[in-house]
2 protein chains.
Amino acid sequence: MASASPQREPAPPPPLIAKLETRVPLRDADRRALAALCADAREVGPRRNLVREGDRPDHVHLMVEGWAARYKLLPDGARQITAFLLPGDFCDLHVTLLGEMDHSIATLTRAKVAFIPRATMDAVTGRPGLVKAFWWTTLVDEAVLRAWIVNVGRRDAFGAVGHLICELYVRLRSVGLVADHRFALPLTQEEIADALGLTPVHVNRVLQRLRAESFISFRHGLLTIHDYGRLERASGFNPNYLHIESPVEN
Amino acid sequence: MASASPQREPAPPPPLIAKLETRVPLRDADRRALAALCADAREVGPRRNLVREGDRPDHVHLMVEGWAARYKLLPDGARQITAFLLPGDFCDLHVTLLGEMDHSIATLTRAKVAFIPRATMDAVTGRPGLVKAFWWTTLVDEAVLRAWIVNVGRRDAFGAVGHLICELYVRLRSVGLVADHRFALPLTQEEIADALGLTPVHVNRVLQRLRAESFISFRHGLLTIHDYGRLERASGFNPNYLHIESPVEN
DNA sequence: GTCGCTGTCCAACATAGATTAGAAACCGGG
DNA sequence: CCCGGTTTCTAATCTATGTTGGACAGCGAC
């Protein structure tokens, strides 16, 4: 299968650049350096490991298209997903400075992933403008992690699922992947469960309820939010932690 | 009360420098710049807010002595602690690049905190060696957050408490705050509960069990681990995510 | 020494969510 | 169009953890 989804845009600026530019000003040279990073992206099938805990990968992975997840496995086989990686997200900027991977990363859907040699990465990291830009993305990632801890630790299942949906909605919208209040959510109920520390059957119950009370509809991987404000309130979502601030009316 | 705890060391190198130096080589000039940051530290009482969600603080806070916590409040008043801040930890490096605080920070014990003006911070951040060093700390913080998500999401209360104890043990040891297998743990059972998404009464139950099965003893804010290996195994703790690697035999 | 506060501990009871098992719907491939 | 593997959905049962309420211990202030 060469061409994948029915709706597809030419998207001249790679999502990474688009994302960085919403917040950090980039020079032309920087922009070119970044574009080069995204150049050589490989197709990867769904449910493929990109790196595994314990690896010391010699290159950094960058999502160009499709979804991936960061996860940890427990001795008893349980899995906890700690992040969903969307187009424009680095998978493992860490390896630049940290040694060994402390978690694994796998694609969820078929995806396009850029494999960036460590050396190239170091070169880019040499540019003062770009270290800052990358540091910024790291800080936002951190903020998302904090929000997830709250989600898992103190919200009930209903609130947690609602909150996750709101987050994905805002993040995807900021990358232009939301049309109206509808977006592709290629997640299995089990994957949602693993992200929220729940059981697939309980996620199912919650999803039923979200539908029954007409917050959302979700079929065939397409999710529609019927009343965003109501969902936001019901799940105590506050987008401030995503630091998208001024959507930069460009 | 002027002098607090019985055991206290002169500790000429501020914990921040000690911490950074375990991993990133620093130049003399860098070291001096860092020392300057720690210079003007103020005493702060216990349970004082340093910053609150929504603030746009004009300076960065750095823990020099004592404990603090990062937390979020939910609409229903529940609290989730997302990090414990120990000596040498920055509280809010974020504000350098992110705008508004998306969470609050409060001291837990009486503490010494350096208030670093944003301008000073920017100057320091200008040094290539130091941006990297700071970026490294951010990456480790991130790794800790991921471990916490697993803790809260997929471990049962017993495992979670055990895991937290192991983490604090290793982190404190790396800063020289552990003698034998005993260290000061100035946390209330309620604070532990708020960190793990549990209830104070259930934390109490778990603590009882940890004592009954002689994993630890914990009285008067002093915690002793009786068999570290066993506790590590029982709680599925793997220190790899702290990236302390070579404990730098100095 | 007593008061008042905070933190620990304890017990009885309630419930959100886990577990297990299986039926139905869906999907890609031959 | 059928087949085997996934994913979704349901129902019945069980359990870890939450809730409430109250006793007790430690400790600083007076």
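Colleague: What makes H243(A) buried, exposed or partly exposed?

Modeller: The count of neighbours decides. A residue is buried if 20 or more other C-beta atoms lie within 10 Å of its own, exposed if 12 or fewer, and partly exposed in between, with C-beta atoms placed from the backbone. H243(A) has 19 other C-beta atoms within 10 Å, so it is partly exposed. H243(A) sits in the segment after α8 of chain A. Its phi is near 55°, a positive value in a residue other than glycine.

Colleague: How should I read the names, and where does the model come from?

Modeller: Residues are numbered from 1 along each chain as its sequence is written, while chains are lettered from A and ligands numbered from 1 in the order in which they are written. This is a predicted model, where local features need pLDDT of at least 70, side-chain atom pairs count only at pLDDT 80 or more, and totals for chains, interfaces and linings use all residues.

Colleague: Why is S214(B) called exposed?

Modeller: S214(B) has 10 other C-beta atoms within 10 Å, so it is exposed. It lies in the loop between α7 and β9 (216-219) of chain B. Helices (H or I, at least four residues) and strands (E, at least two) are DSSP runs, numbered from the N terminus. The phi of S214(B) is positive too, near 45°, in a residue other than glycine.

Colleague: What class does G229(A) get, and why?

Modeller: G229(A) has 8 C-beta neighbours inside 10 Å, so it counts as exposed. Its place is in helix α8 (residues 228-234) of chain A. G229(A) and A184(A) are 45 residues apart in sequence and 20 Å apart in space, C-alpha to C-alpha.

Colleague: And how do you class E190(B)?

Modeller: E190(B) counts as partly exposed, because it has 15 C-beta neighbours inside 10 Å. It belongs to helix α6 of chain B. Its C-alpha atom is 9.0 Å from that of N204(B), 14 residues apart along the chain.

Colleague: What makes helix α4 of chain B largely enclosed?

Modeller: Of its 27 residues, 20 are buried, so α4(B) is largely enclosed by the rest of the structure.

Colleague: How do you know what span to expect for that helix?

Modeller: The expected span is 1.5 Å times one less than the number of residues. Helix α4 (residues 128-154) of chain B reaches 39 Å from its first C-alpha to its last, close to the 39 Å expected for 27 residues.

Colleague: What makes a set of residues a nonpolar core?

Modeller: A nonpolar core is a set of buried Ala, Val, Leu, Ile, Met, Phe, Trp, Tyr and Cys residues joined through C-beta atoms within 7 Å. The largest one here has 136 residues, and L62(A) and L62(B) touch the most other members.

Colleague: Which residues does L62(A) contact?

Modeller: Two residues are in contact if their C-beta atoms, placed from the backbone, lie within 7 Å. Neighbours within four places in sequence aside, the contacts of L62(A) include L16(A), L37(A), F90(A) and I116(A).

Colleague: How do you know that the copies meet through the same surface?

Modeller: 100% of the interface residues of chain A are also interface residues in chain B, so the surface is the same. Each chain brings its share: 36 residues from chain A and 36 residues from chain B. On the side of chain A, α4(A) gives the most, with 17 residues.

Colleague: What relates the two copies?

Modeller: Copies are superposed by least squares on the C-alpha atoms of residues with pLDDT of at least 70 in both. A rotation of 180° with 0.0 Å of shift along its axis puts chain A on chain B, at RMSD 0.0 Å. The two copies are therefore related as by a two-fold rotation axis.

Colleague: Which element gives the most to the surface near DNA strand D?

Modeller: That is α7(A), with 4 residues. Of the 14 residues around DNA strand D, Q189(A), D156(B), A157(B), T199(B) and H202(B) come nearest.

Definitions and conventions:
Near = placed C-beta within 6 Å.
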